[in-house]
Amino acid sequence: MSAPILTAQNLCRHFEVKTGLFGGSHTVRALDGASFDLVPGRTLAVVGESGCGKSTLANLVTMIDTPTSGSFAIDGKDIQPGDELRDKKLRAKVQIVFQNPYGSLNPRQTIGKILMEPLLLNRPDIPADEREKRAREMVELVGLRPEHFNRYPHMFSGGQRQRIAVARALMLEPEILVLDEPVSALDLSIQSQVLNLLTDLQDKFNLAYLFISHDLSVVRHFADDVIVMYLGKPVEQGSKEQVFNAPRHPYTKALMSATPMADPANRVERIKLEGELPSPLNVPVGCAFNPRCWKATDQCRAERPPMSGGDHGFACFHPEGPEQ
Amino acid sequence: MSLLEIKNLTVEFRTANGPFRAVDSVDMTVEAGDLRAIVGESGSGKSVSMLAMMGLLPWTANITADKMEFDGQDLLKMSARDRRKIIGKDVSMIFQEPMSSLNPCYTVGRQIKEVLRQHTPLTRSERQARAVELMDQVGIPDPAKRLSAFPHQLSGGMSQRVMIAMALACKPKLLIADEPTTALDVTIQAQILDLLIDLQKTEGMALILITHDMGVVAETVDRVSVQYAGQRVEEQEVNALFTDPHHPYTAALLAALPERATGKHLPTIAGVVPGQFDRPKGCLFSPRCAFADDLCHSTQPGKASADLGEALCHHPLKNGQPVSEEPA
């Protein structure tokens, strides 16, 4: 395994929220203490339900937002707030593909313009004819036809638009690609085409992927490493095999059991989680999962469990599986 | 007599560019107490066929059918006024987006009681009691108090429970659930699906689940019809469908599921669903089908026999291999 391209230590992003005129302010811990490495040629998947901080994490890694505390380094260089403005090359290294290809492409630009714009802004040293040549190559690379170059986004289907979004992200030759739910807006038959494209591109350019998804079947197929998040905190992380074959955190187990599998012969009894996700404004004391957990004890309600367990980490006092 | 019988239902929308056929000769028979699903990708006409039956489509829709009967009553000949007496009472529907299907201006209690006021002779206090009972039945804690909550005060899962309570208010014989869990998180999805199945059993109603999620289908229903580009291409029992799909489209769709993948690459279905202007002459799936031949490209297929899932195909599959059979 090669050296990590990005290392994050204890990343946090807190938001101050005013509640009403006299309510004072509260802190929403959208992301609370995530540590991980991104390695070239490998895919790190972040899974969890809405409000777990997946997209906040994506924003931090792409430097759209700055962390409240914690640090991360790209290529060994520690990133300080504002660095991305001083160093355009830094930002070019991390690119993002958004969830909804109907919203992320400018309807008034042709595909060619969409693809050339990143170069126009970030690489003014590249002459116009070279810019166009690169964009035309990229169109073919992502499986579109040359005549698509002068068309507008509305002339494309969802799957094709997502290919265009991927192509745009690759124009600056990034080393890290953040994929924020890239296939969840697509139909099943199109989803597999886009996933295959992403697999091929990763092999070709040795890209590090940060793959954000709520769909465990897709993650199980696509990822190498997995972080499971709950209410802004990672609760379990490890390789795909470790997390899927021997989940240690009860939430991971419940999440997997709740995910419907397309196998009617093996209908298993689901683990039924009581209640709903608590509001991020009012996170329970102790382990965030304790009100819904069937194993919760007084210790869980009082203290927050630390991440333990080495390369297969989990934050739980009463983990599933073999006792240590 | 079947609870719902639809024969040869076709829905065409009048658009500025000519007619667009959203549903194409769909048949469906539902018995009382059935638990079934309609599965298909976006644009396959799965919602539109049910909306047509409910009479909820806009005036631009042209609905034709040989037969459309609910509980012995002919829905085709019925006036809109008479149909309103059935819709919402004996047939009800829950929709995909619970947050936007509730009226934000009224309390959820008022919205549940509106159904009762329209369709039942209950008095005001009886309606209140029934509303509390319904909220309790769908698992909302502290039901009497929650009746006076406004939709924005409820989470997505709670809103969907309110929608289900509303749909159940008059003890329907048929409940249509149109992607009821698509907007919800998986742990909440599991709760809502369990609730729907429990209610279907205890109330003895028929449930039609419209979904695109093969996992939900496999874990929930007994019988499945698969739709593609407006046509029903296959109908089977759920176990048989997943082990031995008879239409090449179903087979390809199941193969594309990430959990069935064996290698690094997923099997794909080449091309896209035909649109308004590029409908093929023969079988609608023929441009994307691995087994298509000249016959498929030139002639529309008829239905295969019942043991082949009535697959709409010239060469229906058996154990993954095409068998030649003359259409019945």
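Reader: How do α6(A) and α7(A) lie to each other?
Author: They are roughly parallel to each other; angles under 35 degrees count as such, over 145 as roughly antiparallel, 65 to 115 as roughly perpendicular and the rest as oblique. The model is a predicted one, in which local features need pLDDT of at least 70 and side-chain atom pairs pLDDT 80 or more, while totals for chains, interfaces and linings use all residues. Residues are numbered from 1 along each chain as its sequence is written, chains are lettered from A and ligands numbered from 1 in the order written, and side-chain values use heavy atoms, without hydrogens or water.

Reader: At what angle do the axes of α6 and α7 of chain A cross?
Author: The crossing is at roughly 20 degrees, and the axes of helix α6 (residues 158–170) and helix α7 (residues 188–205) of chain A come within 10 Å. Axes are lines fitted to C-alpha atoms, for helices over the stretch in contact, with angles from 0 to 180 degrees between N-to-C directions. Helices (H or I, at least four residues) and strands (E, at least two) are DSSP runs numbered from the N terminus.

Reader: Is the crossing of α6(A) and α7(A) left-handed or right-handed?
Author: α6(A) passes α7(A) in a right-handed crossing. That term applies if the near helix is turned clockwise from the far one by less than a right angle, and left-handed if anticlockwise.

Reader: Turning to aromatics, how many aromatic pairs are there over all chains?
Author: There are eight aromatic pairs over all chains. Rings of Phe, Tyr and Trp (its six-membered ring) pair if their centres lie within 6.5 Å; planes under 30 degrees apart are stacked, over 60 edge-to-face and the rest tilted. The pair of A:Tyr230 and A:Tyr251 is tilted, because the planes are at 55 degrees, with ring centres 4.5 Å apart.

Reader: Which parts of the chain does that pair link?
Author: A:Tyr230 is in strand β9 (residues 225–230) and A:Tyr251 in helix α10 (residues 250–258) of chain A, 21 residues apart. Both A:Tyr230 and A:Tyr251 are buried, that is, under 20% relative accessible area, where over 50% is exposed and in between is partly exposed (1.4 Å probe, protein chains only).

Reader: And what of B:Tyr228 and B:Tyr249?
Author: Their ring centres are 4.4 Å apart and their planes at 45 degrees, so this pair is tilted. B:Tyr228 lies in strand β10 (residues 223–228) and B:Tyr249 in helix α11 (residues 248–255) of chain B, so the pair ties together parts 21 residues apart in sequence. B:Tyr228 is buried at 2% relative accessible area, and B:Tyr249 at 0%.

Reader: Where is A:Met63, and is it buried or exposed?
Author: A:Met63 is in the loop between α1 (54–61) and β4 (69–74) of chain A. It is buried, at 3% relative accessible area, and has a positive phi of about 65 degrees although it is not a glycine.

Reader: What is the phi of B:Asn319?
Author: Its phi is near 50 degrees, a positive value in a residue other than glycine. B:Asn319 sits in the loop between β12 (317–318) and β13 (321–322) of chain B and is exposed at 66% relative accessibility.
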